[in-house]
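Thanks, everyone. Let's have the structure up, then I'll walk through it.

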Amino acid sequence: MKLRVYGAALAALALAVAGCSGKATSKDGADADRSGVRTGEGVTDTKITLGALTDMTGVYASLGKSVTQAQQLWVKQTNAAGGICDRQVELTVRDHGYDPQKAVAAYTELEPDVLGFPQFIGSPFVSAVEQRIDGQDKGVVLPQAWSANLLGSPYVRVIGATYDVETINLIDYLLEEERITEGDRIGHVYFEGDYGENALAGSRHAAKEAGLTVVEQKIKPTDNDMTAQVSALKQAGVKAVVISAGPRQAASLVGVAAATGFDVPVVGNNSAYAPQLLATQAGPALQKDYYIGASTLPVGDAAKGPAALAEAYTAQYPKDGLDNGVIAGYNAASVFGEALEKACASRDLTRDGVGKALLTIKDFGADFGVAHDFTDPAAPSTRQTVVMKPDAGTPGGLKVVRRAGRDQLV
């Protein structure tokens, strides 16, 4: 069974950057260096400063650490190769601990001093400042968040399939494998807020198209014990479960289900897994019948992109394990870097110049299993999903069970 979702579009906005002393000034107020490259916030004659708003201590601590370290690796590699536009790149990091007040405060603190953000973890927090980004700040933000509510902004650009599309593709996988069929009930455990509710929209759409019924269970990020949710879904007679939450909640759900004899497949969005879970009591259950979707091959795959990145990351951080946050972080930094290179070639390192350069990038990341297209702000960079399964014997803890490339959404 094949399914479809669509996004909505918003118009792109223009940008003017205020100038400062010591450089030539263009007609719109932006600075220009001696070579004629226009500059603005976060850019000097010698340095480009970018911001990272991450979670190193909250519900996505393992993800935040991997994303941040991968981006620091990209910065090191980029600077060792001569930097960008004769400038060294610097990444300024703030940990918001998945706290909304800290996240907004950190954005407010860094925004005036950075060119843009190749990292911002948390759909609700990005949504909270999106109006400011579009209306006045106008710096490119590449969030590690996949809510469809973020689509349409010319500055907040989603890398990968949005949660609703990803969820549809995961349910499509269950249908294709004949794990569920028309008339079945499926459960959906989801975080309140943008992430979970957007994923839920996907399962509702899939259910309507496939003749399924969704049994919903809303939770908070602070809810770590899924016993009540498993009991409710078991009583409802669901044949499969979708989880749109964090790694802890996924481990609890799968572990409790196994312990109580609730033997159904569970599929999760890309944020609902961390390989560290394989060392917990839930490890065997996760490897039995749990599946994850993402818009990239896993970091342990033998393909050219993941293999090279895994080698470089392990060399830089030999004491830290691999997970898909490594690819998410590195790819976001690489996309931002490609936009910077194109902006430099156009002699425009302002926020406006970087935003325009990003609109010219397509076919990015094919070495990682999925090609991404950034030419349309109203669309995610792809609608394809790789389906993976936890596996303790694979570096990074995930192996592919269905690659992207088939026409998943028709």
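How far apart are the mean positions of the positive and negative charges of the protein chain? They are 1 Å apart, for 38 positive and 47 negative charges. Lys and Arg count as positive, Asp and Glu as negative; His and the chain ends are not counted. Each charge is placed at NZ of Lys, CZ of Arg, CG of Asp or CD of Glu.

Some ground rules. This is a predicted model: local features need pLDDT of at least 70, side-chain atom pairs count only at pLDDT 80 or more, and totals for chains, interfaces and linings use all residues. Residues are numbered from 1 along each chain as its sequence is written, and side-chain values use heavy atoms, leaving out hydrogens and water.

Now the overall picture. The protein chain has 11 helices and 14 strands. These are DSSP runs, numbered from the N terminus: helices are H or I, at least four residues; strands are E, at least two. Of the 410 residues, 60% are buried. Buried means under 20% relative accessible area, exposed over 50%, partly exposed in between, with a 1.4 Å probe and protein chains only.

Next, helix α6, residues 227-236. Gln229, Val230, Leu233 and Ala236 are buried there. They cover an arc of only 130° around the axis, so they sit on the same side of α6. That arc is taken from the directions from the helix axis to the C-beta atoms. The buried residues pack against β7 (185-191), β8 (213-219), β9 (240-244) and α7 (247-259). The face turned away from the buried side carries exposed Ala228 and Gln235. Just after α6, Gly237 takes a positive phi of about 75°.

How values were computed
Contact = heavy atoms within 4.5 Å.
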